[in-house]
Amino acid sequence: MGSLAMPRFGVCVGWTVALATAALVWSACSSNDELSPAPTCPSGACPGGAGGTLDSSSTGLGFGGNDCPAVQQCQSKCCQDGQFCALGSQCAVDQGSCVGADDCGFDSYCLNAQCVPYGLPPEHDRDALCKLAASVDAILPSVQCRWTGPPLGDPFPNHVQVMSTPVVVDFDFDGDSKTLSPSIVFTSFPTVGSYLMPGV
């Protein structure tokens, strides 16, 4: 049997599809959106001065036809309502004027009558004046109760050695779960060296 020649119709269809695809790609690449100029900042609003442009991926000045008010401009960002540009570098909560650190919340401190977040500038990450001196001598424990030995009538009066950490348990001896009458529980032994024997 002889070989079959490829029909010319198939070749024509293939070229037609390829040309149509190329035309669509060219059309998409040459749309008005791609060729439109980048948005510009209001005069003096951009870090580079007047006439600068912004990255279209950020939400900032001059996008969507809504220019950012001058009081909310912060480098390439537009601060939200209720915020201000702290030290010209970061949007922060506007807490009004302050006199000292006690007037500021949101982990911030007072600088030039404004509450600035800690970390601005980077080396100002804490209040160096805020210190708490802890004195061990100021800790004065008080005895609330003490076990001095088995009570009268105890079936194991010679178990006076304790080798365990006491725990507090409410055994509910009165049968009323609403009342609390806790007991201090520990394991006791008769003499030193008898810790391998059963304790009480």
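The accessible surface of this protein chain is about 15700 Å², and 59% of that belongs to carbon and sulfur atoms; the areas come from the Shrake-Rupley method with a 1.4 Å probe, and for residues only the protein chains shown count as cover.

Before I go on: this is a predicted model, in which local features need pLDDT of at least 70 and side-chain atom pairs count only at pLDDT 80 or more, while totals for chains, interfaces and linings use all residues. Residues are numbered from 1 along each chain as its sequence is written, and side-chain values use heavy atoms, with hydrogens and water left out.

Of the 200 residues in the protein chain, 16% count as buried, meaning under 20% relative accessible area, with exposed over 50% and partly exposed in between (1.4 Å probe, protein chains only).

Which residues make up the largest nonpolar core? They are Phe-84, Ala-86, Ala-92, Tyr-109, Val-116 and Leu-120. A nonpolar core here is a set of buried Ala, Val, Leu, Ile, Met, Phe, Trp, Tyr and Cys residues joined through side-chain atoms within 4.5 Å.

Now Tyr-109. Tyr-109 counts as buried because its relative accessibility is 5%. Setting aside neighbours within four places in sequence, Tyr-109 is in contact with residues including Leu-87, Cys-104, Pro-117 and His-124; contact means heavy atoms within 4.5 Å.

On rings, there are two aromatic pairs. The ring centres of Tyr-109 and Tyr-118 are 5.1 Å apart and their planes are at 35°, so this pair is tilted. Rings of Phe, Tyr and Trp (its six-membered ring) pair if their centres lie within 6.5 Å; planes under 30 degrees apart are stacked, over 60 edge-to-face, and the rest tilted.
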